[in-house]
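Please look over the sequence and the model shown below before reading on. The paragraphs after it go through a few parts in turn.

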Amino acid sequence: MSDLHAEAQLSKTEILARKNAEALLGGGQDRIDAQHKRGKLTARERIDLLLDEGSFEEIGKFVMHRTKDFGLDKEYYLGDGVVTGYGTVNGRLVYVFSQDFTVFGGSLSETYANKIVKIMDLALQNGAPLLGFNDSGGARIQEGVLSLAGYSDIFYKNTLASGVIPQLSAIMGPCAGGAAYSPAITDFILMVENTSYMFVTGPNVVKTVTHESVTSEELGGANTHSSRSGVTHFACANEIACITRLKQLLSYMPQNCEETAPALPYEPADELRPLLDSIVPENPNQPYDMREVIAGIIDADSFLEVHENFAENIVVGFARLGGRSIGIVGNQPAVLAGVLDINASTKAARFVRFCDSFNIPLLVLEDVPGFLPGTEQEWRGIITNGAKLLYAFCEATVPRITVITRKAYGGAYAVMNSKHIGADMNYAWPTAEIAVMGAKGAAEIIFKREIAQAEAPEAKLQEKVDDYQQKFATPYRAAHHGFIDEVILPSETRQKLIRAFKMLENKVATLPRKKHGNIPL
Ligand code: HXC
């Protein structure tokens, strides 16, 4: 803390300048150097990289902790381990907090929590996104329950703000214990490879309780959480890449739930995309990459994939179509034939709910053979988890369009944004197969006896498969019933979608009055 005797010799403006300089140093130059040596930026450097130059306005720069136990009456730092305030990203207002590892390891005190809560309240009141840089040893041990109370206050505000303003969490260092639950409540988590980790208990506790030997990186590093657990949506190679990704992500979002995302200028050109006509292979069992379909439809280079390495049998992400922000959910035939399993369902459900919360229209690209069968999935609750995706689509009131590129079988047909659960426009390509199940399975069940009794069962089976294929494995039955609005050529998909989303621009849809729904968790 400032030396009061020395301050007495200074003018009032000199005192202010001195305090400002002291606050900028956080836990001191040595600790800043140590932070850099670890390959990490400081709390303030992160804010500088995030915000438009000169736009940062700090709040609570001179806040200090109040606890006196365990020697804390002798060690004070201006700002108390977290930098908070507001500024702009590409001209748009955001609120930000940045935990300072150089002050008590970024650990959270009562006053530190109050600083975060103050800007959360401002963000909520003024309807602008909240961005947090997390780099902390968790609860400040010397503060005991005051720190736990502080965390709880933050969790509570995170929950109240959920669905009102976008909340983004960047994990830039340790994020352990209960501290991980604030980011977990927020909309998106970004992690930095090799320098950040999240877990409920660290490797030492794991060793004691379960006798497993595991490193921090294996237990809760960026790669673990972006591919195995799905806790994080983005694993970034370094801090600069992480901050760039944060800004990019923000560009697809509105400021709050009352607004729509900013649109980019758009001049119609090259709307027909002939390359799309040759993506779906002749053989219905051959894979193709749904990302190629996405690239063929959207504005050039506008796809920002979310959860890229988790549940890769479904692809979700933001894009622009005719300059407007949309959310895309696409089955991925290149991975597990695009089947819906537990992870794919929860991944897509969470994304759909984010888009719906923030008025981002949804495009579904469908090629799905069904839900994944088997004991592993059933015993882990594919029914409850698959229902999350169903529920998420059913309650979404944003403009919703589906394009069936190939398979739309069984329950998965219904779940993947079908007309029946509220989709506004449903298109199918001529390659679409819309039926209860694949032709072979269907023929084996409904013609079981006839096939068994036939002189040449194999030939009979093939005859029945062909028959079923002819009748049902097309988009036309569904189109006859109006469940498909139009069968379109792949090459005209982009044009159709731009027009349809424009047509749906002023959509108003309301849900029955309720306190809140009860999504199957
Ligand atoms: C007070 C802490 C601290 C903490 C670190 N420091 N964690 N001070 N409370 N929780 C201090 C250290 O004393 C040290 O001070 C400085 O921060 C840097 O810490 P180091 O250990 O030197 O750094 P490093 O080796 O990089 O290790 C970082 C770390 C480790 C992995 C985070 O410090 C650690 O394990 N800390 C404890 C983590 C923890 O168990 N937290 C409680 C979790 S429970 P000096 O003066 O030497 O620079 C929790 C409950 C929340 O958070 C519940 C919410 C409901």
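Predicted model: local features only at pLDDT ≥ 70, side-chain atom pairs only at ≥ 80, totals over all residues.

Residues are numbered from 1 along each chain as its sequence is written.

According to an unreviewed UniProt entry, residues 9-265 carry the annotation "domain: CoA carboxyltransferase N-terminal". UniProt positions are given in the numbering used here, feature names are shortened, and annotations may be inferred rather than shown by experiment. Over residues 9-265 the chain is 40% helix and 18% strand, with 59 Å between the end C-alpha atoms. Helices (H or I, at least four residues) and strands (E, at least two) are DSSP runs, numbered from the N terminus.

Around the ligand there are 17 residues, and the closest are Gly105, Gly137, Gly138, Gly177 and Gly178. A residue is near a molecule if its C-beta atom, placed from the backbone, lies within 6 Å of it. Both α6 (145-161) and β5 (167-176) supply at least two residues of this shell. The most comes from α6, with three residues.

Now turn to strand β11. Eight of the eight residues of β11 (residues 324-331) are buried, so the strand is largely enclosed by the rest of the structure. A residue is buried if 20 or more other C-beta atoms lie within 10 Å of its own, exposed if 12 or fewer, and partly exposed in between, with C-beta atoms placed from the backbone. In a regular strand the side chains alternate between the two faces of the sheet. In β11, Arg324, Ile326, Ile328 and Gly330 are buried on one side, and Ser325, Gly327, Val329 and Asn331 on the other.

Strand β10 (residues 314-321) pairs with β11 in the antiparallel sense over eight bridges; two strands pair if DSSP finds at least two bridges between them. Here Leu321 stands opposite Arg324. The hairpin of β10 and β11 has two residues between the strands, and Gly322 takes a positive phi near 60°. Strand β12 (residues 362-368) pairs with β11 in the parallel sense over four bridges, and Leu363 in β12 is the bridge partner of Ile328.

Phe70 lies in the loop between β1 (57-58) and β2 (82-89) and is exposed, with 12 other C-beta atoms within 10 Å. Asn359 lies in the loop between α13 and β12 and is partly exposed, with 19 other C-beta atoms within 10 Å.
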